[in-house]
There are 4 protein chains.
Amino acid sequence: MNSFGRIFRISIFGESHGESVGISIDGCPAGLPLTMEDFLVDLERRRGGNQKGTTPRKEDDLPIFKSGIFNGKSTGAPITILFENKNTRSTDYEKQRAVPRPGHADFVATEKFGGHEDYRGGGHFSGRLTVALVAAGVVSKKILRSFNGVEVKGSILEIGGEPDLEKGLQRAIDAKDSIGGIVECRVTGLPVGVGEPFFDSVESQISHAVLSIPAIRGIEFGTGFAAARMFGSEHNDAIENTDGKTKTNHAGGIVGGITNGNEVVFRVAVKPTSSTPKEQETLNRATGLMEPFSVKGRHDLCIALRVPVVLEAVTAIVLADLLMLEQRIPRIAGR
Amino acid sequence: MNSFGRIFRISIFGESHGESVGISIDGCPAGLPLTMEDFLVDLERRRGGNQKGTTPRKEDDLPIFKSGIFNGKSTGAPITILFENKNTRSTDYEKQRAVPRPGHADFVATEKFGGHEDYRGGGHFSGRLTVALVAAGVVSKKILRSFNGVEVKGSILEIGGEPDLEKGLQRAIDAKDSIGGIVECRVTGLPVGVGEPFFDSVESQISHAVLSIPAIRGIEFGTGFAAARMFGSEHNDAIENTDGKTKTNHAGGIVGGITNGNEVVFRVAVKPTSSTPKEQETLNRATGLMEPFSVKGRHDLCIALRVPVVLEAVTAIVLADLLMLEQRIPRIAGR
Amino acid sequence: MNSFGRIFRISIFGESHGESVGISIDGCPAGLPLTMEDFLVDLERRRGGNQKGTTPRKEDDLPIFKSGIFNGKSTGAPITILFENKNTRSTDYEKQRAVPRPGHADFVATEKFGGHEDYRGGGHFSGRLTVALVAAGVVSKKILRSFNGVEVKGSILEIGGEPDLEKGLQRAIDAKDSIGGIVECRVTGLPVGVGEPFFDSVESQISHAVLSIPAIRGIEFGTGFAAARMFGSEHNDAIENTDGKTKTNHAGGIVGGITNGNEVVFRVAVKPTSSTPKEQETLNRATGLMEPFSVKGRHDLCIALRVPVVLEAVTAIVLADLLMLEQRIPRIAGR
Amino acid sequence: MNSFGRIFRISIFGESHGESVGISIDGCPAGLPLTMEDFLVDLERRRGGNQKGTTPRKEDDLPIFKSGIFNGKSTGAPITILFENKNTRSTDYEKQRAVPRPGHADFVATEKFGGHEDYRGGGHFSGRLTVALVAAGVVSKKILRSFNGVEVKGSILEIGGEPDLEKGLQRAIDAKDSIGGIVECRVTGLPVGVGEPFFDSVESQISHAVLSIPAIRGIEFGTGFAAARMFGSEHNDAIENTDGKTKTNHAGGIVGGITNGNEVVFRVAVKPTSSTPKEQETLNRATGLMEPFSVKGRHDLCIALRVPVVLEAVTAIVLADLLMLEQRIPRIAGR
C-alpha cells in the first residue's frame, strides 16, 4: 500500500509530526555514487526557499542515510533515508480533533483508522511525506542520467490560470485565499520501447504514481483533454524516420502505452492549498453541527509551487523501474 | 504486466486477429451467480450496436466460460472467459508491415518485440482486447452491486467538443475524419474509507487502470483541471454531517486518496480514432522515407462511443479490489 | 493467488472435471520458437505412459494455443495454453459430496468456499492442474536452454524407501496400498549471482513454487536435513577458484540465497497418493459420524512417479524469472 | 526483493556493520497497543542471553520506533523500527576482503554487486538482520493472538543429532567446531480455511519466508520426509468431526495448501555456523590460489539456538498476511 514499483521499489513511511518520515529504496544498482550534496538542491526546491507563496517553516531537511550506502556508493542493498521532524507544534492540532479540516484527510482518516491515526498535521496523509519522495527522486534521476542520459524536468505552467506566476500569486494574496496551478513534466532521452502492454503502460504507471501525490486532481498526456476535440488527421503524429521521430508530438511521446522515441510530456492539475486564510465552515463531530472554521498558523498559499520537484521524483521512480524491466539499466554501475 | 489488482486480480491475453482474446479473474467470491445473460448487455454496449459512428464488423462476441463457474455460480477458483476471433481478414495487414500506421502501436511494437509481434490489426495492442475487460467488468459490477450496493455508470459528455452527440458525429462525417470525445464515470454507494494511503489511493488505482485503456489521453477527478484555477475557499467541500456528506463535491468523492462518502466522479479524454478516412503520411521502413497513407476497410469514426462500458469495467475492477482490501466484500456470497 | 513470478509470470486456472485447465504465461521473450512438438515429451512424462503405478486414464493431453504465439514463435504478449478435460465421469463424485475423502482437499475446500467449489475430482485442487504447469515448464526450460545453457533435470531417488523403484512399487502392490517417494532436481549451467537477498533467495523462490505442487511435504537443499547433524568444518564448501567452483557441494549450489556457480541440487518428499485401495474411515457430514470409506475407480499407486517433470517445470519457471531479474535473459530472442 | 507479504507487508533493510538494521511493516491494523516491553523477551531470546553456544557480543538491541505508533498504539500507517549497530569492529573485515569466508555469502555478494557490497560482517547478508524480523514477529504474533487466539511456538528438537541439547553443544565444544540443529514450529488456534489454492498455499508461503532466514537448509510439514516411506492408509488423517479434527496429524494441519483446523507443525534444518573455530581452506582472490583460513573473533557455535524466535517471527508474518486475506483480522483493533 505504501510501496511502489516492481524491480526498483520504494516503501514510504512516517507522519508529519511524528519522529520522522523516510523511504526505503530497493533495487538501486550497486556502485552508484551518492552523497549528501546530491540531495540538497532538490530538497531546497521542495522547501520553496524564500519563494513567495510557500511557508517559511524551517524544516532543515537533511537526509540521514541509514542503510545501503557504503564508501559513498550504493551497495545494491536497500537504501533507507530518514528525515527527522523538528519544530513541530502538535498542541495546535490536539485541540481541534473534533473538527475535521475541510479539504484535508482528517475526516476520512478517522473513519478508516477508527480514530487511531496520528492526526497531528495530517499525520501520514501530510504533504510532509513528499520530502521522502524527493529523496528517492534524487536517486532515481541520478540512475536515469547515469545509465540512460534521461532527464526529467518539472515546471509550473500557470498559477490560478495565469502563466505569469507572480500575477497568479498576487491574485491569491489580494483575495486572502489559496490558489491552484498546473505543472508540466518533460522527459528527454528515453529510447523507443519503454513500457509494457496494458496495465504497465507508461501512462498507467506514471498516472498511478502521480495521483498519489497529495493535491493532484488530474493528469493529461500530450495534447490531453484537447485531443477530445481534435480530428484524427490533426491528432495523429506522422512518423518521419526509423528512430521514431514524429513531425508533431500530440501523443506526448507515448503510443500504445510504449515510448516512441520522442519527448514524453504530461501535465497535472494541482488543487488550491486546503488550508486557506479565508474563513470556511465544517462539521463539529462533538455537536454534529456545522460551524465556522479558521486555519491556524501559516501555510502555503499555493502548493503547486512545490510540485515540480515532486513530480520529477515520482516520474523518475516510475521510469527507473520501467527501464530496469526493459533491461536498459544494469544491475551494477560501471559495467 | 498484463495483470492488475492485488486480491481481485485479472490477467488479460489475446490478439486482435489471433485465435482468441480472454481474461482470467482471480479472487471472485464463491457463490456469485453468473450466466451468459449477465454479459450480453455490456458486450452489446461495447460493440456499439447499430449506433452511428461505430464499425459494423459483426463480432458475435459471446463469452466462453473455461473455468471457475460451476452450476451457474462462481466457485472461488479463477474464472477464465474466452472470446473467439471471427471474420478477421488478416491479409489486409500482411501487405503493409513496412508501413506503420500513424497513431497506432505498430512502430513501437516492432521495436519492442523485434518484429515478432502479431502485427495483424494491432495484435495485442488492439482495442479488441477491451472485450475481455468488459467481461471482467460484468463480474466486478455484479460483485459491487451484490455486496455493496455500489453502481458504476459511464456516459459520454461530449463528442468533438459538442454535448449534442449527433452534432459531434456529424462534424466528423462532414469532415470525412475521425473525432475524439470526453467520457464521464460516476460511482454511487461507496462507503467512507475505501482506498489506501499513498500509492493505492483511489485516484492512483483508477488512473492506473483507466490509462491502460487504448486511446485515453487524460483523467481528472471532481473539478479536475478546473481546480487549478480555483481559490481554496471555492474548492474545499464543507462537511455537513457525520456520514461525510459534503455541500459541494469538487473533490469528486475522494479526499487524501480515500472515499469520503460522496459520489465518486471522474472524466477521461478519448483521442480521435487513429484510423481516419483522411489521407495521412507515415514512414515506409523499406524506403526509409515518408509516403502518403490511406486506411483500408471500415473503422469507428469515434472510439469514445465505445468507452463508457469499458470505463465502467476497469473502474469496477479497481473498486472490487479495494473493497476486498477494506474487507467490505466477503469471500463467500450468501454469508 | 493463482499467479506466480515477478517478471516472468504465470497464472493457472481450471478444474479437474470442468471445461478445461490452462495457464497464461506473461513475460516470455519475443521470438522463441514454440510448436506442439516441444510439449509432447514432457506431457507424456507427466501422464506416466504405461508405467507401472500410474493411472491408465487416457487424457490425450494436447496443448491448445490460445494467444501469444504467431508464425510458430512467441510474440512477447501473454501465451495462453488450454487443455480440455475429456473422459471425466463426474457422477462418481456427486453422490459422495457428504463424505470428504481422507488426505484430499474436499473438506477444506467446502469450508473455505462455502460449498460452491467444483468438488468433482478435487476440482481446482486436483493434480490435474499440473498439466498446465508442465506446459509452462516446457516454455521455461526452452528459455533457460536457449539463453543460458541451463538444464533442469528431475529424477526419482526412492519409492517407499527403496532406491530400486520396481521394488518400491511392488511393496505397494503387495500391500494393496499407495506409497510415497523422494524426487531430486539438479540444475546445471547457472552463473554465479542468481537470486536476490532475503525474500527472493533462490531457496525461497524454489520452495514457494515447489510447495504449491500437490502432495509435496518437504524440501531440502544440498545436504539438507543431514546438515543439522554436521560440523561446520564438514559442511562448509571450500572455494577452489574464481569461478566459484567448490571442492564439495553441501550447499547445493546456493550460498546466502544466491547461486555460487555450482550445480543446484534439492530434493522433495512426496506423500503417498491419498486415494489408496485400502479401506479407510472418514467423516460423513450428513450423519456427523465417521464411517468406512473406499476409493472408487483407478488411481495412481505412487504419485511421486509423475513428480519429476512437474518439479522441473516449477523450478524452470522460478529460474526464468530470477534470470530475467538478473538480466541474463534478453527481452527478445535472437538479440 | 527485500519485501514480503501481500496485505501485511514487511520491508527489511540494513547491514551488519552499517548505521543500522530495520524494518517497515505495512498493513498493521490500527489501534494495536505496542510498547517497548512487547519486544524485550523475543529480542533477548534471539540474542541467546548467556546461553552456552551463542556469541557474547553485547548488542543492546533496543527497538527505535520511527513511524506508525502514536500514543502507544499502531496508527494504521507503516510501522518502522530501527536497531542501531554498536560495538562493531569493522577493521577485522577490511583486511580480509580478498579471502571470501567459506560458507558465507562473501564470494557471491562480490560477484553479484561488483565489489560494491558492504562486506563488513556479511553486510546485508548477515544474520544480524534477523533482529528486524524478530521485531516484525513481535507485532505479528500480537496481531494473531489479539484477533485470532493463534499462538506460534518454536523450539529446538535436536543439536548435532542429539535431542539433549547440552550434549549436542558439548560435542561441538569438544570437537572445537560449530554444529547444526533441527528446530520445530507449532501453531495452534488457526481456523479451517486459511491459505490460498496453489501458489499461496500455507506451505508455499511459510516455506518462502522460512527459507529466507540465513542458515536454513530445508523444511518439512507434518511427517515430512518420513511421508515418502509411508503407505497412503498410514499417512491419511481420518477426519473425525465437522470441526475438521483428525485422528492423527500427519498432514501437519494443512491439506490442499489450506489449514484443516488441526495444529500446524513443521520443522527446519539449520546448518552449522559457517564461522567455525576449525581451520579451513578457501580461495585467495589476490593469488587465485587456495590457502588456509582461520576465523577471527568469537562466533556462535550453534546458530540453531537463535532460530526458534526467528522462525516464530516469519511464521507469524506469513500467517498475519494470510489471515488478513481471509478477512479474519479486521482493519481496526477494537472493532
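**Salt bridges, strands and one interface**

Okay, let's start with D:Arg145, which counts as partly exposed at 41% relative accessibility; here buried means under 20% relative accessible area, exposed over 50%, and partly exposed in between, using a 1.4 Å probe and protein chains only. Before I go on, this is a predicted model, where local features need pLDDT of at least 70, side-chain atom pairs count only at pLDDT 80 or more, and totals for chains, interfaces and linings use all residues; side-chain values use heavy atoms, with hydrogens and water left out. Residues are numbered from 1 along each chain as its sequence is written, while chains are lettered from A and ligands numbered from 1 in the order in which they are written.

So who does D:Arg145 pair with? Its salt-bridge partner is D:Glu151, at 3.0 Å from N to O, and by salt bridge I mean a side-chain nitrogen of Lys or Arg within 4 Å of a carboxyl oxygen of Asp or Glu. D:Glu151 is partly exposed, with a relative accessible area of 34%. Over in chain A, salt bridges with shared partners link A:Asp42, A:Arg45, A:Lys141, A:Lys153 and A:Glu312 into one network.

In chain C, C:Arg145 and C:Glu151 form a salt bridge, with 3.0 Å between the closest N and O atoms. C:Arg145 is partly exposed at 42%, and C:Glu151 is partly exposed at 34%.

How many salt bridges are there over all chains? A search of the whole structure gives 120. One I like is B:Glu111 with B:Arg285, closest N and O atoms 3.2 Å apart. B:Glu111 sits in helix α3 (residues 106-113) of chain B and B:Arg285 in the loop between β14 (280-284) and β15 (289-293), so the pair ties together parts 174 residues apart in sequence. Helices (H or I, at least four residues) and strands (E, at least two) are DSSP runs, numbered from the N terminus. B:Glu111 is partly exposed at 26%, and B:Arg285 is partly exposed at 25%.

Now, strands. β10(A), residues 216-221, is mostly covered, with six of its six residues buried. Five bridges connect β10(A) to the antiparallel β13(A), residues 264-270; pairing needs at least two DSSP bridges between the strands. Within that pairing, A:Ile216 has A:Val270 as its bridge partner.

A quick look at A:Ile258, in strand β12(A), residues 258-259. A:Ile258 counts as buried, because its relative accessibility is 0%. Beyond neighbours within four places in sequence, its contacts (heavy atoms within 4.5 Å) include A:Val194, A:Pro197, B:Val108, B:Lys112 and B:Phe125.

Last stop, chain C against chain A. The contact takes 10 residues from each of the two chains. About 910 Å² is buried between them, with carbon and sulfur atoms giving 39%; that's accessible area (1.4 Å probe) lost on putting the two parts together, summed over both. On the chain C side, C:Arg6, C:Gln327 and C:Arg331 lose the most area, together 61% of what that side buries.

Which charged pairs cross over? The count between chain C and chain A is four salt bridges. One of them is C:Arg331 with A:Glu196, at 2.9 Å between the closest N and O atoms. Okay, that's the tour.
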